[in-house]
Amino acid sequence: MVFLTTRLEKPVLIEGPAGVGKTELAKALAITSGRRLVRLQCYEGLDASQALYEWDYGKQLLYTQLLKDDSKSVLSDVKDPGDALPKLKAYESLFFSEHFLAERPVFEAIRSEEPTVLLIDEIDRADEQLEALLLEVLAELQVSVPELGTFSAVTTPYVIITSNNTRDLSPALKRRCLHLSLTYPSAERELEILRLKVPGISEELSRQIVDMIRSLRDLDLRKAPSISEALDWAKALAVLNAESLDRELVEETLMLLLKYDRDVEKAVAALPRLMGEEGHDHDHDHDHSHDHSHGHSHGYDKAKAADHKANYFGAFRGGERG
């Protein structure tokens with residue numbers, strides 16, 4: 001689909017849950033195509049002055065002060081206020097010129113002589129009015145400025161729009177875009193990503209991480225762990241010298257995967273089932289009670305990891321999870 005957007009010169013709308021790589025896809029396109037990435041991060045209340053352009057009122061005011069004396073001389077022979085308007089009109093084109101136009105990301109991409117990738121990120125966070133403002137850009141690759149006219153794209157940008165599906169987008173916007181839906185990757189694909197991004201961990205631990213992540217996603221969580229959070233977890237486990245997962249280690253590091261206390265509590269309650277320990281809690285407790293006397297490692301070297309854990313999790317103990 002991304003290939004088609006480069007050939008058809010049409011925007012592509014990428015929808016899917018947070019953390020599946022939508023933004024990274026736009027970044028990868030910029031790198032592989034050798035184009036500069038121009039990013040508009042959407043948020044509630046975003047309007048044309050942040051997305052398209054605005055007049056630099058500060059600069060206009062400064063010029064007004066500088067031309068104050070000149071305007072007095074121009075109007076020195078004017079006796080009727082009505083006669084002053086034609087003379088003042090001559091200054092209008094000066095103050096509403098490109099010199100005073102402040103470009104925002106969308107207008108910047110349209111006006112750029114350098115080829116760009118325009119990323120309109122998380123458009124579902126913005127109000128529906130923004131979608132209406134963007135329709136001209138998406139359909140015609142142009143921006144209309146009432147005071148100056150229409151500006152068409154100097155070089156056609158590749159336009160990538162992302163949405164986390166937190167609300168429905170307008171049919172008008174969807175009609176102007178190619179559409180791509182991204183979901184969480186397959187287990188093997190996610191394992192490949194893990195091997196590539198965190199090469200220092202064992203194959204066994206990599207597979208356990210992927211299995212645990214996918215099991216957590218099956219729970220009814222407010223925010224399921226994304227690929228990026230899985231990578232953060234894997235890197236933390238590498239720092240802790242983990243060789244495999246056990247329940248204690250998972251419980252201590254769940255805050256790296258889950259962002260809400262309710263989700264953490266739900267995951268902790270489900271761990272015996274997720275780790276195949278249902279009916280074996282007494283074995284788990286037995287292992288912990290004999291840890292020092294029998295040298296059980298619980299899947300990672302506690303002696304080597306003690307200092308790492310104290311530093312890594314000290315900020316979380318005694319406080320609230322984010």
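What volume does the largest pocket have?

**Largest pocket**

The largest pocket has a volume of about 1,000 Å³. Gly19, Val20, Gly21, Lys22 and Ile227 are the closest to its centre among the 33 lining residues. A pocket is an open set of points on a 1 Å grid over the protein atoms alone, where a 1.4 Å probe fits, with protein on both sides within 12 Å along at least five of seven lines; lining residues have an atom within 4 Å of a point.

Helix H10 (187-197) gives the largest share of the lining, five residues. At least two residues each come from helix H2 (22-33), strand E2 (36-41), H10 and H12. Helices (H or I, at least four residues) and strands (E, at least two) are DSSP runs.

**Basis**

The model is predicted: local features need pLDDT of at least 70, side-chain atom pairs count only at pLDDT 80 or more, and totals for chains, interfaces and linings use all residues. Residues are numbered from 1 along each chain as its sequence is written, and side-chain values use heavy atoms, with hydrogens and water left out.

**Helix H12**

Helix H12 covers residues 227-239; its 13 residues should span 18 Å at 1.5 Å a residue, and its end C-alpha atoms are 19 Å apart, which agrees. The expected span is 1.5 Å times one less than the number of residues.

Buried residues in H12 include Ile227, Trp233 and Leu237 (buried: under 20% relative accessible area; exposed: over 50%; 1.4 Å probe, protein chains only). Asn241, with a positive phi near 60°, follows H12.

**Residue Phe3**

Phe3 lies in helix H1 (residues 2-8) and counts as exposed because its relative accessibility is 53%.

Technical notes. Points joined across faces, edges and corners; volume = space filled by probe spheres on them.
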